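Here is a short briefing for a reader meeting this structure for the first time. Please keep the sequence and the 3D view open while you read.

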Amino acid sequence: MRGLLKRNEFYVSLTILALCFLIQSKSGQFFTGNNLIDLARSMIIPGILCMGVLIEIISGGIDVSFPAIAMLSMFSTVKLLLYVDYKGPVIVAFIIAGLIGLVLGLINGGLIAFLKLPTLIITLGTGSIYLGFMQAVLKSRVISVLPEPISKLSKSYLFTAHNKELGISSSLPSVFILLIVTVVLVYFILNRTMLGRGIYALGGDIIACERAGFNVARLQYFIYGFMGGLAGVAGMTRTVLTGSCQPTTLIGFELTCIAAVILGGTRITGGHGTVKGALLGALLITMVSNSLILLGVPTYWSKFVTGIIIIIGTGASAYQILRQKRKLNASVFED
Amino acid sequence: MSEILKVTGISKNFGGVQALKNVNLTIHKGEIHCLAGGNGSGKSTLIKIISGVYKADSGKIEINGKEYRKLTPMDAIMEGIQVIYQDLSIFPNLSVAENIALNSELYSKRKIVNWKNIKKIAEESMNKIGISLPLKEKVENLSVADKQLIAICRALVSNAKLIIMDEPTTALTRKEIKKLFEIIKKLQQQGVSILFVSHKLDEVFEISEKFTVFRNGENVITDSTVNVDYDKFVFYMTGRKIEEDFFISSNKEEQPIFKVENLSLTNGFKDISFEIYKGEILGITGLLGSGRTELALSLFGLFPAEQGDIYLNGEKIRIRSPIDAIKNGIGYVPEDRLTEGLFLAQSTRKNIAVSNIDSMVKSNGTVDFDRIDSALEKWKNELSIIMGDKDDPISTLSGGNQQKVVLAKWLETNPKLLILNGPTVGVDVGAKFDLHNYLRGLVENYGIGIIIISDDIPEIHKNCSRILVMRKGRICSEVINTHTTEKDLFSLIVNEESFIAKEGQEEAGI
Amino acid sequence: MLNDYHNMSLQKLKALNFLFKQPNLKRLVIMLVIAFAAMSALKPNIFLTQDYFSSMLGLFPEYGIISIAMMITMISGGIDLAAVSIANFTGIMTCLFLIRFIPDDASVGYAAMILICGFFLSVILGGFCGAISATLISKIGIPPILATLGTNDLILGAAIALTKGSSISSIPPILSEVGNYMIGGVIPVTLIAFIICALILSFILSKTTYGFKLYMMGSNQTASRFSGTDNNKIIYITYILSGMLASVSGLLMCARFNTARADFGTSYTMQAILICVLSGVNPNGGFGTVAGITLSVLILQILSSGFNMFPFISNFYRDLIWGAVLLAVLLYNHISINRQAKATQKKAVASKA
């Protein structure tokens, strides 16, 4: 049992490596600069969101409303900035989106702390409300002309790699920095702050958590508020990456992120999970949908392959646990 | 003034129920005091009042000589009172070091975790009682005994002066209990007082100098443990001398109802062979870890034996699952009725029918609810089950009545052999007596074979005509109840001279 | 050994039980009547017309059947995130089957016969898909939410691969003719399909030993095993039934749109869960009724199509309304459960004295 968590990350890493080499051998294009940059670029949104999902699942909850929060924050901010014809620093866009997301997340946190019902159900409700609000009340639609600062950012890159063979080049968008910042921040929170330990404690045993003196309600507010803020930022980032505001872009993404985090060794029951694992899980899932084409597999198989990976990934550790339960403990013959 | 805790005249009422009535308790510095009492005696309530979780309705609380009008949990902790609950309240997913140091880190109001500090605190605490556990190991991988030690270390971190332990030995093996007692003695040497809640007399004797018994929310007695013996203790706890007669086997048959031969299961038990005849009640006992529970579960098909044979009325049978067991007429009343025997949220009606539901159908194959209702009526009368509406969730019944329903559920399946594991745990004295009588009646009137697996020595002694003692996975002794004393039985179980046995020897002038 | 926290949650369980039984149905009926009355009062000209009724009932059967499928898995203590994908996948396979075996010049009789074959094949396929989920859950031990997540991707992926992402058209007309037919010009065939499914499931749940064991297993899996129930068998039957129901729903969808796609109704999953919770299905298992589901779907249908009557309220309000109604119901439940729990704890403590 001890090495189970380690083993999970190990298997995922192994799978990733295997996939890398498979793709490389088939197409020779995997370890090229441009493919790696594409991969990194595709990791930005899943990576940021998975960090928030990681925190939620460690605490023992599940949130399915964050794509709606992301889209709603993104859309409202863009509309707002267009309305005032904003031309200032682009960071303000992220701040506004983040704040909107934060508020929406805090509503989640409040309901969860107050109602004490399964988080899945509550976020199902709020997610529907946020989505419906955006589509019905705000009458969301695709906005292709973005405020100037945002469209400027979407053309800003850190560096570029050229692929001489294929004659294409890929550039790493500047917003990649956001992913790095998020990962470092979440790592720090989870491993270096009492807040983070409280999140683990909450996922481990909620009664003991209360008894120990943690303020459970405050923890819930943070967990869901933080996710909301991240979702807002991720939504804005999405707009920057695609160069347009598409308010239906992340629908259904919640299940993908949850699957990625679970794949990385986070237990759905709570209390366990690491940043490294979640990133590996996200990487694996991203690779599958991105790089299948390099294997000569048509893109429409990617969902299927993802399904197989999820089943194998969750099945391996589940089966171990099942077999463990069927055996007796070894303590009987001691005296 | 060496009284660390003195409560006088404490009363507490919960929604119309008087949980505590004018109780007193005094604990001196460095004293090990045992608080004993059955379910509903009020001992849990008093602990919660002492630790500030509940507020007493009336009475005085003095800690270290200081009187507290309104004691808060924080006050109690500041005064050095630490409670270790039965469920231990530790975090299985966090490391040993973190569990030990967590509370103090929280109270220091630090935002950033200082891992070095945590390690230091944990090591210091473990040194105090002379143990060493791997600091980085996740607690879920450790044994219950180790978890308890961690809980004690955690209590010590905040300079505990009085540690209250709520039934700490329930899940410990004999060896682990001895280790725990060694540590408690060490704590005593360091001036820490211990309030030890337990209902096991042998423990009361072994570890405490003084004891207090509660019954129905009132003091019964406080005395030094040297002044009490077994019978007196039972009288204090129950308030009556429940003299149960010995159950004597009426066996006349040659052929056993049930027979096992050389049954073995890795990590469970080895070479178990026994028979049970019509008219007798077989008892299987032993300490935790002796294999008695594993044997019970195996006979019911939950952990099928790897080797050996099982015979029912002379016919060889295979039990690979509970379904096999039931098909062959074996029923199992489990140890933990809340998680294993009952569907708390479902109605009493459904609970009674669930094991026999496949037979309770009409000719067209649909569930025959009328038949279920008449079964419920029948068992309600036979077992004197006190219940409300049959559609109310079974969680509304008392422990004793719930256990009766579980028994009825199995009787509905017309079993040939009934295995009961700890049948009267958490059952009040009256219902316990009823249950024993009923089981005897079953054996005498219906020829059902009954095996009782229990560590409640009086229960086994009085109700089982023949008793098997297990140790380390094997059967080490077989005795007839009328030919053994309770004290001898106890010695057989623990395989050492117990305090009770010693006392017996003293009495006998040996 | 019961501490007060345990006591309190036991009392909550009892109160929850109350709310998830008759009083809950009563509450749903009241909500239904209010919704109906409100809509009739506000726009009697539109609401009370026959055409409107028929169109309003249009979506109801699909939602209803998928929700029933979701409900039985939730009663078992699990969930079926793959139901919609199963619906689409079996729909696609059936349409392909129909295209293959019904030539353009086929007689109506022949086409109808093939349609019936196709229907049965579809249901069997749906059951098979459900069995995959059941295997993962019972034989491998993957928690239902993750197992059906995986199965969902698997089956959705298979569907996408089959259709290469596009829709299947030129389906023989028999499907949409039958599917959109109105008996007597008023009652849609789809409604009949729903009623049949609802009656069958209601019977299974309340009158068979499987149904009995399902509710018990959903309440406490451990005790179920200790009581001699074959948990694995129950899980298999549950997910197979769910898959079969999903395939029926899928066929109805294909008939309505006269095409088959891999990604129909992607929001149906969450909405089905919403309907279940609204109707009183306990997400932890052990409770739920077909009647409750029916009422919930009706209420939400009336509300959302009612809002459609107001021109300034767009279609998108559906999500908003459903989410708001769900939260409102949860809040109401919370308040009344707490009130009841406090009352019954006093009673129980008094009786145990």
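Which residues touch the most other members of the largest nonpolar core? They are A:Leu54, B:Ile163, B:Ile419 and C:Ile66, out of 350 residues in that core. Keep in mind that this is a predicted model.

**Chain A as a whole**

- Chain A holds 13 helices and 2 strands.
- Its C-alpha atoms fill a box of roughly 75 × 55 × 35 Å, taken along the principal axes.
- The radius of gyration of chain A is 21 Å. A compact globule of 335 residues would have a value near 20 Å, so chain A agrees with that expectation.
- Of the 335 residues in chain A, 52% are buried.
- Among contacts in chain A with a separation of 6 or more, 77% join residues 24 or more positions apart.

**Where chain A meets chain B**

- The contact takes 27 residues from chain A and 28 residues from chain B.
- On the chain A side, helix H8 (194-204) and helix H9 (206-212) are the elements that give two or more residues.
- H8(A) provides the largest share of that side, 6 residues.
- By class, the chain A side has 12 nonpolar, 8 polar and 7 charged residues.
- In general, the size of an interface is often given as the accessible area lost when the parts come together.

- B:Ile90 sits in a loop of chain B, between strand E6 (81-84) and helix H3 (96-107).
- Is B:Ile90 buried or exposed? B:Ile90 is buried, because 26 other C-beta atoms lie within 10 Å, and 20 or more are enough to count as buried.
- B:Glu140 is 50 residues from B:Ile90 in sequence, and 9.4 Å away in space, C-alpha to C-alpha.

Notes
Residues numbered from 1 in each chain as written. Chains lettered and ligands numbered in written order. Predicted model: local features only at pLDDT ≥ 70, side-chain atom pairs only at ≥ 80, totals over all residues. Helix = DSSP H or I, 4+ residues; strand = E, 2+ residues; numbered from the N terminus. Buried ≥ 20, exposed ≤ 12 C-beta atoms within 10 Å, placed from the backbone. Rg over C-alpha atoms; globule rule 2.2 N^0.38 Å. Contact = placed C-beta atoms within 7 Å. Core = buried A, V, L, I, M, F, W, Y, C linked by C-beta atoms within 7 Å. Nonpolar A, V, L, I, M, F, W, Y, C, P; charged D, E, K, R; others polar.
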